[in-house]
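The following account is meant for a reader meeting this structure for the first time.

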Amino acid sequence: MTGRVLHAHLHLLDRQVVRADGRLLCKVDDLEIEPGEAPYVTAILAGPLALGPRVGGVVGRLMTGTTRLFRPEEDPAPRRVPMSLVSEIGSAVTVGGDVPEAALERWVRERLIDPLPGSGGADPGLGAPRPVRRAEVPDRDRLSSLVGRRVVDRDGAPVGQVADVQLTQDGPLLGESTQALRLSGLVVAPRHTGQLLGYERGPGGNSPALVRVVIRRLHRGSRFVSWEQIGDPGDPITLTEPRAALLPLTELFEPR
Amino acid sequence: MRRVLVALLLVAGCASPAWNDADYGKKAGATAEAAASSVALVRLAVESEAKLTRPYLQTLLTETATALDSVDSQFGAVQPPSRRAAEVRAEITELTSEAAEQVQVLLNEVRLREIRDPERAAADLGDLADRLRAFAEEHPS
Amino acid sequence: MKRFFAVTLGILTAIGGFVDIGDLVANALVGSRFGMSLAWVVVVGVVGICLFAEMAGRVAAVSGRPVFDLVRERLGPRAGLLNLAASFGINLLTLAAEIGGAALALELATGIDYLLWVPAVGLVAWLVMWRVRFETMERVFGLAGLALVVFLVAFFALGPDYGELGHQLTHNPSDDGAATYWFYAVALLGAAMTPYEVFFFSSGGVEERWTRRDLGVMRANVFVGFPLGGLLSIAIAACAATVFLPRMIEVDTLGQMVLPAGLAFGQIGLALVVFGVFAATFGATLETALSSGYSISQYFGWQWGKYVRPREAARFHATLLVSTIVAVALILTTIDPIKVTEYSLVFSAAALPLTYLPVLMIANDPDYMGDRVNGRFSNTLGTAYMILLLVVAVAAVPLMLATKAGQ
């Protein structure tokens with residue numbers, strides 16, 4: 001049985017996370033993965049400590065730096081929303097259960113908004129527990145650390161760099177009945193050409209025609225690498241096969 | 001204060017350092033053009049003064065008076081490069097200060113009560129606008 | 001009656017986009033300098049904003065996701081942050097200008113210096129955002145802004161020379177260079193398609209809890225609101241072309257641009273037009289302030305909106321409060337509000353593709369839209385506008401430098 005197939009960048013990263021009752025929670029700023037033979041996604045990471053490294057550069061460092069400065073812990077970590085709570089992945093990611101709100105939201109409410117007249121008054125129902133965090137999430141456990149990494153084939157010849165990560169929902173059980181999203185493949189672009197913006201997909205990513213032509217042309221020569229073709233998932237990622245044996249990306253959007 | 005700023009911006013285009021006679025003439029022409037536009041506008045408002053409210057007239061005239069005043073003093077502060085340019089300056093500053101003065105008089109009248117003789121004021125302003133335009137034509141920018 | 005009230009979101013959005021403080025003066029200035037020869041730009045702008053607002057509204061109704069969610073999702077965190085920085089900066093400048101504009105309107109009505117009104121306008125605007133329901137807000141200020149229709153009536157009452165105005169449609173009466181003409185063309189297009197209009201419109205759709213069933217209401221909003229805004233801005237230019245152009249008067253202040261209504265209808269016309277200007281600029285104040293809150297909250301994934309109590313959207317309301325204070329402080333430095341918007345218009349023209357490309361892409365994404373994806377017509381026109389916007393974005397800043405901002 002094959003599970004649902006998603007692309008991390010296209011379907012998950014940067015989407016809005018909402019609670020079951022429709023209130024907005026955070027963004028999918030990054031994903032935490034459990035490394036191993038068959039790595040899978042364990043949690044959504046959110047907040048500036050997850051977003052900062054993805055933004056990168058001075059602005060990204062500023063984001064993480066300021067956050068670290070104001071956090072009491074020794075090794076502050078981004079907020080984790082376990083994947084077992086995710087009930088739906090659509091135009092937004094819906095989570096069930098009791099997810100604590102962001103520390104900044106709490107702080108702003110208690111220090112600034114509640115004291116103002118007419119704010120809606122203190123409501124004990126919202127006095128949610130403080131966010132629970134574990135120690136810092138190391139870089140290698142973040143999905144974003146894969147993106148942009150160089151890929152070389154069996155003989156050491158360069159293939160390109162990782163543009164997106166394919167996820168298949170057939171991993172180990174999370175919670176009672178949800179299967180984890182397993183990392184099942186990589187989309188490798190020959191040079192740094194940015195995101196694929198959904199135009200690598202089948203019949204769906206087809207219009208407008210001019211945009212499609214431009215973006216597919218930018219990504220011509222992109223390859224799809226299945227997880228089984230990866231020899232050493234280090235940096236650079238080394239494959240077990242020669243470049244010629246890889247499926248061209250066109251297979252994904254023009255299935256024969 | 002804002003009007004000073006408007007005026008400064010207006011002047012910034014017309015009265016940055018001038019190097020030769022031709023440039024100086026052009027700047028003088030542009031200044032006259034802008035002043036003529038202001039004067040013509042005041043004339044238009046004065047002609048139909050009966051239709052307009054006092055706070056409105058007062059705001060409009062204050063705006064124009066401040067703008068004209070600054071044009072006048074700013075242009076006067078630019079050192080003319082030659083005797084010929086000095087004559088041009090004398091001519092244009094005379095016109096702009098006359099404009100500033102007329103508008104100021106009207107403003108004072110509005111502040112006190114109302115414009116005493118709108119018809120005559122309009123005629124004077126029309127005459128002044130014509131002279132400014134003639135000057136601008138002599139010194140095309 | 002209920003049906004009529006249903007389109008007030010579109011009207012308020014369009015008034016903030018087409019006849020806010022910068023546009024009021026820019027339209028009059030253009031009319032007094034170039035006659036009707038730039039009216040075509042407004043038409044191009046109306047078609048463009050209708051097209052993209054319809055897409056953004058459709059995405060909001062079908063998927064519940066407002067525009068800045070789409071920007072972040074398609075452009076990724078880096079380009080999204082760049083767009084956020086640009087849009088937020090433009091929004092804040094525009095907000096400052098609108099507060100200044102509302103205060104200027106009060107000065108025209110009372111004769112009391114506008115700087116004294118600025119803190120009061122800021123405070124009232126914040127109170128409205130803090131306490132008043134979204135629907136009430138959009139109805140009151142959308143409808144009040146309609147007082148500007150007086151420009152349209154005034155135009156006919158002034159007895160214009162239709163032949164001459166018609167001739168100007170195709171012949172530029174000004175002797176200024178082509179660069180200046182195109183600078184104003186870019187500024188007017190930027191004004192018609194400012195990104196905060198789609199931020200506000202799509203977020204407003206979410207605030208009103210639009211669903212698939214409301215697509216008809218959404219379209220009515222788009223196709224009533226924006227053409228009305230465009231019509232008002234053409235009317236302002238036409239009044240200026242009738243009154244000021246033949247007398248060779250160039251208008252560049254708010255006080256000057258309302259004069260045609262006074263000439264046509266006397267004190268009543270003047271009172272109406274000043275009221276309309278106040279309502280339009282105050283409405284635009286709310287629109288830009290809320291848009292700054294919407295864009296930053298949607299980028300970072302914070303709870304936003306007036307559909308929850310302020311304490312449940314604490315960071316959103318904190319953004320509104322801080323933006324309003326900063327904008328009031330900015331305008332109290334006596335910086336000229338009209339100059340501020342003229343510059344911010346040009347910069348926003350340069351940032352347009354970053355906002356409209358993700359909207360175009362997601363309106364085609366079946367994950368979001370199901371069977372409501374763009375048709376061939378929207379896509380063809382959308383692609384043509386993307387090319388136009390790219391050209392405008394590239395040309396905007398060089399034109400501004402070359403013409404010293406249109407002098």
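This is a predicted model: local features need pLDDT of at least 70, side-chain atom pairs count only at pLDDT 80 or more; totals for chains, interfaces and linings use all residues.

**Interfaces and selected residues**

On the side of chain C that touches chain B, the elements giving two or more residues are helix 5 (67-110), helix 13 (254-257), helix 14 (259-300) and helix 16 (337-362) of chain C. Helix 14 of chain C gives the most to that side, with 6 residues. In total, 32 residues from chain C and 24 residues from chain B take part in the contact.

The size of an interface is often expressed as the accessible area lost when the parts come together. For chain C and chain B, about 2,500 Å² is buried between them, and 63% of this lies on carbon and sulfur atoms. For chain A and chain C, the buried area is about 3,900 Å², with 55% of it on carbon and sulfur atoms.

The contact of chain A with chain C involves 49 residues of chain A and 42 residues of chain C. How many salt bridges are counted between chain A and chain C? The count is 6. In one salt bridge, Arg72(C) is paired with Asp14(A), and the closest N and O atoms are 2.7 Å apart. There are also 15 residue pairs in polar contact between chain A and chain C, both residues at pLDDT 80 or more. Several elements of chain A give two or more residues to the side that touches chain C, among them helix 1 (8-12), strand 2 (16-19), helix 3 (57-70) and helix 5 (209-218). The largest share of this side, 6 residues, comes from helix 4 of chain A.

Asp14(A), the partner of Arg72(C) in a salt bridge, lies in the loop between helix 1 and strand 2 of chain A. Its phi is near 70 degrees, a positive value in a residue other than glycine. Asp14(A) counts as buried because its relative accessibility is 1%, and the cut-off for buried is under 20%. A positive phi, of about 55 degrees, is also found at Met248(C), which is not a glycine. Met248(C) is placed in the loop between helix 12 (215-243) and helix 13 of chain C. With 47% relative accessibility, Met248(C) therefore counts as partly exposed.

Chain A itself has 256 residues, of which 50% count as buried. Its secondary structure comes to 6 helices and 17 strands. Of the contacts in chain A with a separation of 6 or more, 59% are between residues 24 or more positions apart. Chain A exposes about 12,100 Å², and carbon and sulfur atoms supply 56% of that area.

Within chain A, Arg149(A) occupies the loop between helix 4 (103-113) and strand 9 (150-152). Arg149(A) is buried yet has no salt bridge. The nearest side chain of opposite charge belongs to Asp235(A), 4.6 Å away, whereas a salt bridge requires the atoms to be within 4 Å. Not counting residues up to four places away in sequence, Arg149(A) touches several residues, including Gly160(A), Val162(A), Pro233(A) and Asp235(A). From Asp235(A) to Pro236(A), the peptide bond is cis, with omega near 0 degrees. Pro236(A) is located in the loop between strand 15 (230-232) and strand 16 (237-239) of chain A.

How values were computed. Residues are numbered from 1 along each chain as its sequence is written. Chains are lettered from A and ligands numbered from 1 in the order in which they are written. Side-chain values use heavy atoms; hydrogens and water are left out. Helices (H or I, at least four residues) and strands (E, at least two) are DSSP runs, numbered from the N terminus. Buried means under 20% relative accessible area, exposed over 50%, partly exposed in between (1.4 Å probe, protein chains only). Lys and Arg count as positive and Asp and Glu as negative; His and the chain ends are not counted. Contact means heavy atoms within 4.5 Å. Accessible areas come from the Shrake-Rupley method with a 1.4 Å probe; for residues, only the protein chains shown count as cover. Buried area is the accessible area (1.4 Å probe) that two parts lose on being put together, summed over both. A polar contact is a pair of N or O atoms within 3.5 Å; within protein, one must be able to donate a hydrogen and the other to accept it, and residues adjacent in sequence count only if both atoms are side-chain atoms.
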